[in-house]
Number of protein chains: 4
Amino acid sequence: MNAEVMAMGMNNELFKEADPMFADNARAYYEYARENDISLTHTLIHPQVNREKAQHEQKDANMALHLVEKKSDGIIVDGVRLLATQGGITDEILVFPSTVKPAGELDDPYSLAFVVPNNTEGLSFISRESFDQNKSTYDHPLSSRFEEGDAIVHFDNVFVPWEKVFVCGNSSICNRTFKETNAVVHMSHQVVAKNVIKTEFLLGTVLNIMDSIGIDGFQHVKDKGTEIMLTLETMKSHLYRSEQNATLDRSGTMTPDFEALNAARNYYPRVYPRLVEILRILGASGLMGIPSEADFQSPEIGMIVNRALQSKNLQGYERVQLFRLAWDMTLSAFGSRQMHYEYYFFGDPIKMGMAYFDQYDKEPYKQYVQDFLQQTTAVKPNFS
Amino acid sequence: MNAEVMAMGMNNELFKEADPMFADNARAYYEYARENDISLTHTLIHPQVNREKAQHEQKDANMALHLVEKKSDGIIVDGVRLLATQGGITDEILVFPSTVKPAGELDDPYSLAFVVPNNTEGLSFISRESFDQNKSTYDHPLSSRFEEGDAIVHFDNVFVPWEKVFVCGNSSICNRTFKETNAVVHMSHQVVAKNVIKTEFLLGTVLNIMDSIGIDGFQHVKDKGTEIMLTLETMKSHLYRSEQNATLDRSGTMTPDFEALNAARNYYPRVYPRLVEILRILGASGLMGIPSEADFQSPEIGMIVNRALQSKNLQGYERVQLFRLAWDMTLSAFGSRQMHYEYYFFGDPIKMGMAYFDQYDKEPYKQYVQDFLQQTTAVKPNFS
Amino acid sequence: MNAEVMAMGMNNELFKEADPMFADNARAYYEYARENDISLTHTLIHPQVNREKAQHEQKDANMALHLVEKKSDGIIVDGVRLLATQGGITDEILVFPSTVKPAGELDDPYSLAFVVPNNTEGLSFISRESFDQNKSTYDHPLSSRFEEGDAIVHFDNVFVPWEKVFVCGNSSICNRTFKETNAVVHMSHQVVAKNVIKTEFLLGTVLNIMDSIGIDGFQHVKDKGTEIMLTLETMKSHLYRSEQNATLDRSGTMTPDFEALNAARNYYPRVYPRLVEILRILGASGLMGIPSEADFQSPEIGMIVNRALQSKNLQGYERVQLFRLAWDMTLSAFGSRQMHYEYYFFGDPIKMGMAYFDQYDKEPYKQYVQDFLQQTTAVKPNFS
Amino acid sequence: MNAEVMAMGMNNELFKEADPMFADNARAYYEYARENDISLTHTLIHPQVNREKAQHEQKDANMALHLVEKKSDGIIVDGVRLLATQGGITDEILVFPSTVKPAGELDDPYSLAFVVPNNTEGLSFISRESFDQNKSTYDHPLSSRFEEGDAIVHFDNVFVPWEKVFVCGNSSICNRTFKETNAVVHMSHQVVAKNVIKTEFLLGTVLNIMDSIGIDGFQHVKDKGTEIMLTLETMKSHLYRSEQNATLDRSGTMTPDFEALNAARNYYPRVYPRLVEILRILGASGLMGIPSEADFQSPEIGMIVNRALQSKNLQGYERVQLFRLAWDMTLSAFGSRQMHYEYYFFGDPIKMGMAYFDQYDKEPYKQYVQDFLQQTTAVKPNFS
């Protein structure tokens, strides 16, 4: 179950502003999803048409998902949303406002939050080409097992019963949902925990590669390892602080300290592509000449490639397995999409950085310097 | 025909040091290749086993390609070499010394330069998995057409007739071949010309993407465009200077000015991954939700995706074609391998940077500052 | 004499748009300055008050230099301009429009170009604290000799005779002056030539420091040297291309190729602070423990410091002289201001980057990619 | 009192390896310094002569501080050490081994740890030129108050009584002192706490500048603020984790968690110069045109500069005070030396990075990936 569902269910006062029903819906759905172990994908953003314009200003303004009609038993919605990851393998889909792009009142028709089962009539997922090519776990160790899929979601006049609606045509509530339900806090906590383990896995891969080809004595290689280690320790310290400082929120939900999490979720997309680059650089030509499992099984060339690809401490078969893992983290369609995905996880890092700056409590630091400036022996001249 | 073949053929005095025959061989092969339009792949480096050690120190020292026996009519060579690009689609293969790793005398057995046809007995190419997945030119616009292949080359006691041998077991000559034949100059000229056009193509793709989703008014987007433009202009200026300053070398071959080319070939690998990153960043979610040609042809969803993926100035069908091109330059297995390939084109940029520093004419600049330091009114104290 | 004066004098048609007199003035002043070897400072920008607003929107809009009155024999101007470098040591001052900030019609009163002698009544230069501290050429090798001064220029109802006025209250002409007179080309040529020699001097200093303390064998040290060398070669290639491609402009003035110069002047501010940083990093603790000339002359401690500060190849006295030069290029008030000055030489690099993007000829590259996209076997579906 | 003195006093078993006396000395001195509030400078490194060589290999090997003679009541030491900050304003000086450069046995004579009062006979401090120029707290707000001084320390056959000696001619003990006494932990804790407050002060200065000239709405300006904020939060999280995880060490001393501190002290020098650069960039021309207190007090020009230098929300007098502070943090000799000092605080970041890599506990991460690689369905071929 998504962190958003829990957050909306527990901190649902916001939704009451429009109608008490919406708060009850959020709470009820949370309990339903929790008790029935419902898996959800979510869709957070509008299609990328013209980024200079608000949604209602787009030339084909009805293309994006919007409210068509309110009926006695529910609403009709129509249009397109991006970008449901794991769309095909979950039970339901949550339509949720974006974290990064505040909308004005004219965007009210696009301001929606609701949930529907994936097999709802009129709902379709248009998936990209799969990056799982039916290769073995030796050849494609990650893409053969962890391909997620990304899908464009099309709502063809889909009916959503009222009890599954949380926000209906209200941009003001949408803009505040992520923050005021603490959804952003709980999502961030999940993400930062995931990023710690992801960095550990990447570090382990890099270290094994260093060992295998005997490059761990070079200064610049050590330094690249240190870069990853410092990133890992930074994420660990943020996660630790957020958990040690956790408090009960107004709904009684244990809530991590957002200051550290917010720093972590803004920091990670800025460095993650560099971590992947380090793995790529250290892999070097070992990421180019990568025979497949079938080559090793071949009576004709198996022994040749096993010898040809040997490394300092590994047989060719073992070393290619390691480098294929590195390739599947960096250069395969799966691996490079993963990197891109992390970069844009919470939205455009440029816009996130602006939002981070705006919400930061700046006054104490300004005041600190202003106080210092008062401590001068200079006498202010009288210019009156 | 490779630039190396021309260079070795024209500036072949170096090979005479071992035997005049080798110089004649180089000249004869150049003429043969030129007149018969022979296409060649080449292999420049030893397998990546333990990078801390010289070739003869490796635990399985006979695995790398080495001289086995000199016979009256030729030589027997055995072992493995990396990394023949386009191995399967050329006529012959040139074994050539690496530009970046000087060898000592103990590496003499590995110090070879020769050419053989690709169908020579005992010679085999062990190719990596193909990145051409038989997709259409719409879906995979580059990988469907320009996949090059990378192959490990295995010589199983291959016989090379003397007339195709240019260097035989002589590390000193091998170490000097790239430079003293001007092979490095002519290769650099080809590469820099290629890099100019490659950068132009990448810039064009970026600019079309900016137009398509209306992001070209944002300051940081413009600045990313400017980064690419400045790189392009730098490469153009280097290429221009190298050509305008070209002179006839001692063999009468028109030879570009290496100073500018050497700067260009050291500069480009340092910035090219960033250019690809810019394209990836600007593509954003448009590189994730990419339906295929079949989706657009589908009676059920063709019109939906055409509408859903529309952009500021393009229909969905056109815009996805553009973004699939960007994807195939950045995130597909083909595109990310291209980037990796450019980064390592002439060898490890770290080692190239060290070699560049060493060969640079530093004295005039040192002297310039020492002259300045003399122009002081200070009187040197007498410490005797 | 400034490049702008020549450019305005030769390509003066622009000024005729307001009155033929202005074109004649520009030509006459150019000839006068050339024949009488007049040295000029210039002032290009308005005071930095509120950067979000245009000049006429500022709360104290009359503070910036503006036109007060047109009289029969000249104009009265009043207010403040930034930032006259070398203000105190030139003959005259040129008020000139900024390269980077286009003005609208409401900024007409601020849109001026004229020249006056520095001793004009009502004109004053308010200088910053001097960074020349009367130290010896040993202690402060650069700041003792090359301090330029930066001054705020105050015009207290200054009278400028018509014959020294080139633009008077016309924002349209002001906005176009830099480009249409080719002033920007000739200024860029001077600046890029200066940047080449400045980089050579910095490279020489770095290389002497490497030698002196025996660090030139370390990989990361070599690489830092290579960074400087690649920058130098880039600037040389741009300068070379601009000169080899020079043509006569419409006034018959030999004019370098702006494409290469424009790239160079946008590139250099982006890398120059890094070059200074490299010198600082390599200097390390040698930039902290820097005794003075007087210490070496002292009978008590002269020999001690000469021994204590010795380096691999220099006596302490010589080595400290070298490191003091490096200090005066990086860490002294003079040196760090130099770096800041280069960074902002032509204006804010952020705004320059945006302007560069806008003026770049983008169409050929867009078209190149569009042509490629046409070369697909895919058949465009019919969505009508 | 220095953290090292406490650490050596409490965790002194190491010194017993040579003689129990040394452990007692360390403990006694710690108590003496604590009870008498002794302030100390310290000197950690040898002179920078030829960095490719060990100390005993230097051409003038006796120039560095070394043991001359052991006597019944103490030792005679002679030679030069770097770099005592605040040398002239403390009570005593601690000679202490460097953190970063392990020494071999041949460097035993240079392997010393002891303490002497600053007025000991034969001890002299050779100071660099002062960066306090007797300017007012308005003109030079930091250099007028916080100049620290850096001094070369010369020992002319200085006598050190045995009770002030902790390590005497033992490279093995010297190499381990920082780590095994926990000196590095307590120093790191002090330093990281200082870095937090330093970053807060820098952030406050940047924010006040943004307000004063109205640039805080620009995206790239916000992003630069975000960079500083993320650095601050990283340092805070590391400090928090180190303190929350503090434990009693074997001597009963409360000792922070070194993992987080070690990351913090390696991270900060890598980013601090960038923070200073951000302040410099945002200050822009406001850091060039900086009149002095005297200008504002002047009857002739005081009102002019007060008006000319006004900003969005400040009078000229106030705004120049703020920008002079920024100048004294970035471009003055004091400010740029501060930045250099932070960069090299614990030694060369390059060497620190290598040491960090070496000491990091890498096994769990390697094992994690090796375990994953075992989870394949591929059957290992039999090549025997």
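# The contact between chain A and chain B takes 54 residues from chain A and 54 residues from chain B. Two residues count as in contact if their C-beta atoms, placed from the backbone, lie within 7 Å. On the side of chain A that touches chain B, at least two residues each are supplied by β3 (74-85), β7 (150-161), α8 (258-283), α10 (302-308) and α12 (333-343) of chain A. Helices (H or I, at least four residues) and strands (E, at least two) are DSSP runs, numbered from the N terminus. By class, this side of chain A has 25 nonpolar, 15 polar and 14 charged residues. Ala, Val, Leu, Ile, Met, Phe, Trp, Tyr, Cys and Pro count as nonpolar, Asp, Glu, Lys and Arg as charged, and the others, Gly among them, as polar.

The model is predicted: local features need pLDDT of at least 70 and side-chain atom pairs count only at pLDDT 80 or more, whereas totals for chains, interfaces and linings use all residues. Residues are numbered from 1 along each chain as its sequence is written, while chains are lettered from A and ligands numbered from 1 in the order in which they are written.

**View 1. In the contact between chain C and chain B, 59 residues of chain C meet 59 residues of chain B.** The elements of chain C that give two or more residues to the side touching chain B include α6 (183-213), α7, α8 (258-283) and α14 (363-374). The largest share of this side, 14 residues, comes from α7(C). The side of chain C that touches chain B divides into 28 nonpolar, 21 polar and 10 charged residues.

**View 2. Helix α7 (residues 219-244) of chain B crosses helix α7 (residues 219-244) of chain C at roughly 65°, with the axes coming within 8 Å.** Axes are lines fitted to C-alpha atoms, for helices over the stretch in contact, and angles run from 0 to 180 degrees between N-to-C directions. α7(B) and α7(C) are therefore roughly perpendicular to each other (65 to 115 degrees; angles under 35 degrees count as roughly parallel, over 145 as roughly antiparallel and the rest as oblique). Residues that make the contact include Thr234(B), His238(B) and Arg241(B) of α7(B), and Thr234(C), His238(C) and Arg241(C) of α7(C). The residues of this contact divide into 2 nonpolar, 8 polar and 2 charged.

**View 3. Domain 1 (3-178) and domain 2 (183-359) are assigned in chain A.** Domain bounds come from an automatic or database domain assignment. The domain centres, taken over C-alpha atoms, are separated by 29 Å. Domain 1 of chain A contributes 21 residues to the contact, and domain 2 of chain A contributes 26 residues. On the side of domain 1, α1 (3-10) and α5 (171-180) of chain A give two or more residues, and α1(A) gives the most, with 6 residues.

**View 4. An open sheet of 4 strands in chain C has the order β1-β4-β5-β8, with mixed pairing.** Two strands pair if DSSP finds at least two bridges between them. The edge strands, β1 (40-43) and β8 (165-168) of chain C, each pair on one side only. Neighbouring strands of this sheet are turned by 25° against each other on average, direction ignored. β1(C) pairs in the parallel sense with strand β4 (residues 92-95) of chain C over 4 bridges, and Thr43(C) has Val95(C) in β4(C) as its bridge partner.

**View 5. In chain D, 4 strands form an open sheet with antiparallel pairing in the order β2-β3-β7-β6.** β2 (66-70) and β6 (123-127) of chain D stand at the edges, each with a single partner strand, so one side of each is left without a neighbour in the sheet. β2(D) is joined to strand β3 (residues 74-85) of chain D by 4 bridges.
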